[in-house]
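Take a look at the model below. Then follow the report from one part of the fold to the next.

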Amino acid sequence: MLSPNSTFYPRPLGVTPASSLPQSPSAPLETSRQLVGDDQQDAYYFRSLEEAGIKLNGPQISAVRHGKGPILTLAGAGCGKTTVLAARAGYLMEVSGVHAGSILLVTFTNKAAAEMKDRIAALPGIRPAAAKAVQARTFHSFALTLLRHYGVQEDIFGEPRAQHTVLKMLLRQNGMSEAFQPESLLAMLSAWKMQGLDTADLPEKTQDERDAKRVLLGYESWKQDRGKMDFDDILLRAAALLRDPAVLKPLQRRFQYIMVDEFQDTNRLQYEIVQMLAAAHRNLMVVGDDDQTIYTFNGARQESILEFDKVYPGARIVTLDINYRSDARILGLGSELVARNKRRRDKRLRAAGQRGDAPRFATPSNAEEEAAWVVNQICQQVEEGQYPYRDIAILHRTASSSRAVFEQLVLKDVPFVQHGAAPVFYDQSLIKPLMDHMRLSLNPRTMEALPSALGPLYVSRDAGLEYIQRCEQEQAKKYPLIHLSKWDKLKPFQQEQVKERIKLIKSLHKLKPIIAIQEMRRQFYDKYMESGDPTIFTHYKETMLETLDEFEAAVKKFETVEEFVQFADELSRRHREMESLRRAQDSDAVQLMTIHRAKGLEFPCVYWIGASEGIVPHSTALRQDIPEDQKAALTVQQTDAELDMALEEERRLAYVAITRAKQHLYVTSPASHHGKPADVSRFLLEAFGMEVPDKRKAREESRTGGTSSYGNVGHASYNRNNNGNSQINAKGNVNGNGQHRSNNGNRKISGNSGDNRKHEDGKSGTDQRTSSYVKHDRQRSAINHKDHREMEMLDERDEDRLSERRGSGIIRDHTAFSTPGLHPKVGATTATSSTSRHADSARSGASKAERTETVAIWKCSSVTCKAWLRQKPAVPSGKASKKSSSGAPACPLCSGMMVAGTRQVPLTNRFGK
């Protein structure tokens with residue numbers, strides 16, 4: 001068994017011990033064997049399924065037996081929807097006498113369609129010819145077959161790189177090489193087509209819209225001239241063809257029973273195709289889960305499920321609510337979390353899966369520590385035989401949020417497969433120009449880095465590189481870029497820019513990497529990347545800025561540009577060596593993927609990383625939390641309704657991440673993100689019964705003179721007067737870590753349920769300011785959510801109490817949790833503490849001396865690593881654990897040697913002593 005680990009805990013940071021872990025109820029044990037009597041007409045079919053090992057539960061039987069008319073089958077995560085779809089196809093053929101060729105089953109991926117065919121072919125009594133006659137296809141496969149049948153012969157043009165190449169060519173031809181990103185143009189075009197709209201009707205209100213439209217119309221003409229069509233064209237042209245009654249009616253007569261899998265992922269155009277096919281007979285079965293609608297950015301419409309019975313009055317609704325995948329506590333966490341969404345169909349899943357373990361939570365200081373914890377834990381699990389690598393998945397929100405764990409996996413030689421394989425973070429198209437500028441600073445004649453330097457100079461890469469190479473043949477220069485300063489095709493100001501850029505490149509190797517990157521962003525790169533209409537390309541720009549912020553966070557640990565560039569190159573080299581794993585289907589490797597890509601999959605052990613505010617939920621869904629003066633400065637304004645919908649989708653994304661796990665789920669919530677403090681995701685706190693304040697409502701109440709109060713379990717209202725005295729009125733059990741520090745150190749805590757009394761100091765003219773907090777058990781910091789957004793760090797006594805409860809193995813690197821200027825340095829001496837208290841005394845007029853004690857610690861021997869651990873207290877010899885070990889532990893941050901030492905810490909007054 002895996003030995004106890006001091007990193008992961010049974011509750012997220014901020015949840016009080018009184019809050020219990022949600023748990024789904026157990027499902028009934030009855031199956032078709034008990035529910036379908038032998039005297040029933042269709043009993044023989046269910047008996048044959050049972051002999052083949054397929055035992056359906058009550059809701060599944062109801063869905064399988066459905067005959068004519070529309071039916072919405074709400075299929076919760078892990079509730080056997082594929083089994084139901086295959087079994088119903090068999091039921092229609094074997095019991096209802098429906099011809100196999102009359103059944104059309106539509107899904108989204110070739111893999112899902114192939115699995116459906118295999119499931120149907122494996123059903124007892126189904127002849128191979130009948131199984132083959134059932135049309136199990138993807139939307140695109142069905143549409144393409146239809147087009148081919150009616151003589152459409154264009155080749156498919158679907159390779160993204162080829163599409164990008166064509167768009168870049170068209171951008172150059174129109175003099176807009178640096179104006180738009182091909183990814184953004186293609187996303188805009190796809191979204192437009194999936195609404196069933198014609199490219200000729202693209203908007204053209206602004207100059208940027210007109211420019212984008214000109215390029216996209218050129219792209220459409222390029223395809224047409226060469227007899228090509230992309231995947232969106234396939235659906236668009238098929239829908240247009242189906243509007244012809246001569247085409248539609250024969251298909252309606254042929255396909256009498258239509259079933260749609262993953263219905264929540266359908267876009268407007270796909271739904272229109274389904275509706276046209278089913279219009280004559282209305283024998284439509286759709287299977288999906290509105291709680292797993294996470295592709296709205298690709299056109300998926302949750303309304304398809306929410307309004308199905310309005311589009312099809314009288315439709316049956318069956319809920320598959322028995323989960324066979326996850327442990328009841330994992331399922332309970334996911335169910336309680338997603339239940340907070342308002343726009344959903346009400347359902348509560350019941351557990352019938354194999355028992356595993358309760359979810360475990362951790363709050364590392366940042367992404368680097370998070371990655372180290374996760375990869376170390378995985379290595380330990382594999383070494384102890386708990387899981388092979390292939391049974392473990394690491395799920396993350398965005399591509400950039402996997403950077404740190406990617407590096408840990410590569411550098412520690414842990415085999416892994418990165419699904420949707422993007423290049424190494426430092427080789428991404430957005431990051432590579434900055435990397436190449438630093439490479440040029442180390443060696444200005446690194447010719448392969450020159451193309452990346454031309455783009456930000458607004459110089460055609462092909463023409464510029466050709467000119468440099470021609471000049472180099474005549475006379476080589478130490479800085480080949482200098483040739484451009486004499487190129488007659490550049491304007492004088494561009495030639496001057498070349499000289500200034502060379503000056504910057506010369507200086508980069510002298511700077512720390514973080515300063516070098518910030519300087520490049522300040523001088524030219526952010527401006528270069530932000531070209532284009534912000535109202536069109538906002539999503540891309542938000543991703544771009546997030547990636548650049550992650551880049552800055554990644555280089556902070558390096559002292560020199562040379563050291564960092566060598567690290568990035570080594571990472572790329574080692575990753576190339578591991579790429580062969582991707583081609584081996586059964587390779588024993590950790591699965592690394594985004595949450596979006598994990599949908600529909602399941603794993604015995606799941607690590608969900610980045611469960612913090614600003615990551616999940618993503619910062620783009622948290623604009624409702626931004627003060628109005630800052631919100632007004634955003635490039636795109638969103639209504640409160642739009643923000644609420646975005647937040648609900650983020651909550652669904654968290655639900656999908658949780659419900660991928662079967663036996664073990666580990667959730668990590670970094671305490672900082674891109675150098676800024678980050679709270680544990682509100683979704684986790686809500687699942688444990690905590691109430692997270694609505695900041696919009698709080699600001700509105702503060703403007704109108706009202707106050708916010710929250711009376712749910714674990715929540716506290718915090719009042720402070722101008723003397724600094726404070727009172728916390730809390731519901732539920734609140735431990736010492738939840739206390740907030742007043743200026744004079746006085747505290748008063750009332751734990752009576754429902755007690756919301758205000759603190760009064762009896763002085764006239766007292767200015768009381770009230771704000772609301774989520775109560776954080778074992779909390780390192782408390783964030784004041786009023787408009788001025790003050791932050792206060794908990795005092796050392798609360799932090800020390802945190803260490804006592806978590807065990808002596810906690811990493812005591814306080815600087816990782818601090819905000820410059822707000823948190824005292826770790827290891828501050830009594831004199832330093834006295835100075836800090838003196839400053840507090842000057843502000844509040846009251847201060848009390850704090851006593852300290854000397855404790856035994858382990859400290860890292862490396863001069864660059866500041867980690868330290870409190871030594872475990874001595875254990876009586878008669879009670880010594882078999883697992884206890886003597887000697888210094890390895891440093892949990894750098895794996896170096898640790899040495900014994902002592903440290904002064906504030907006296908904690910533990911356990912009332």
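## Strands around β14

Four bridges join strand β12 (residues 392-396) to β14, and the two run parallel. Strands here are DSSP runs of E with at least two residues, helices are runs of H or I with at least four residues, and both are numbered from the N terminus. Two strands pair if DSSP finds at least two bridges between them. Ala 393 has Gln 591 in β14 as its bridge partner. Strand β13 (residues 416-418) also pairs with β14 in the parallel sense, over three bridges.

Strand β14 itself spans residues 590-594, and four of its five residues are buried. Buried means under 20% relative accessible area; exposed means over 50%, and partly exposed lies in between (1.4 Å probe, protein chains only).

## The model as a whole

This is a predicted model: local features need pLDDT of at least 70, side-chain atom pairs count only at pLDDT 80 or more, and totals for chains, interfaces and linings use all residues. Residues are numbered from 1 along each chain as its sequence is written, and side-chain values use heavy atoms, with hydrogens and water left out.

The protein has 33 helices and 27 strands. Of its 913 residues, 53% are buried. Contact means heavy atoms within 4.5 Å. Among contacts with a separation of 6 or more, 75% are between residues 24 or more positions apart.

## A six-stranded sheet

Six strands form an open sheet with parallel pairing, in the order β3-β2-β6-β7-β1-β8. Axes are lines fitted to C-alpha atoms, for helices over the stretch in contact, and angles run from 0 to 180 degrees between N-to-C directions.

Strand β1 (residues 71-75) runs parallel to β8, joined by five bridges. Ile 71 stands opposite Arg 316 of β8.

## Helices across the sheet

Helix α7 (residues 139-149) lies across β2 (103-107), β3 and β6 (257-260). It runs at about 105 degrees to β3. Helix α13 (residues 268-278) lies across β2, β6 and β7 (284-288). Its angle to β6 is about 160 degrees.

Eight of the eleven residues of α13 are buried, so the helix is largely enclosed by the rest of the structure. Among the buried ones are Leu 269, Tyr 271 and Ile 273. At the start of α13, a side-chain oxygen of Asn 267 reaches to within 3.1 Å of the backbone nitrogen of Leu 269.

## Rings that meet

Rings of Phe, Tyr and Trp (its six-membered ring) pair if their centres lie within 6.5 Å; planes under 30 degrees apart count as stacked, over 60 as edge-to-face and the rest as tilted. By this rule there are 28 aromatic pairs. Phe 8 and Tyr 666 have ring centres 5.0 Å apart and planes at 70 degrees, so their pair is edge-to-face. Phe 8 lies in the segment before α1 (32-35), while Tyr 666 is in strand β16 (residues 661-668), 658 residues apart. Both residues are buried.

Tyr 666 also pairs with Tyr 607: the centres are 4.7 Å apart and the planes at 15 degrees, so this pair is stacked. Tyr 607 sits in strand β15 (residues 603-608), 59 residues from Tyr 666. Tyr 607 is buried, with a relative accessible area of 1%. Elsewhere, Phe 425, Tyr 426, Phe 551, Phe 558, Phe 564 and Phe 567 form one aromatic cluster.

## A buried serine

Where is Ser 326? Ser 326 lies in the loop between β9 (322-323) and α16 (328-338). Its relative accessibility is 0%, so Ser 326 counts as buried. The side chain of Ser 326 reaches the backbone oxygen of Ala 661 at 2.6 Å. Leaving aside neighbours within four places in sequence, Ser 326 is in contact with residues including Gly 353, Gln 354 and Thr 659.

Notes
A polar contact is a pair of N or O atoms within 3.5 Å; within protein, one must be able to donate a hydrogen and the other to accept it, and residues adjacent in sequence count only if both atoms are side-chain atoms.
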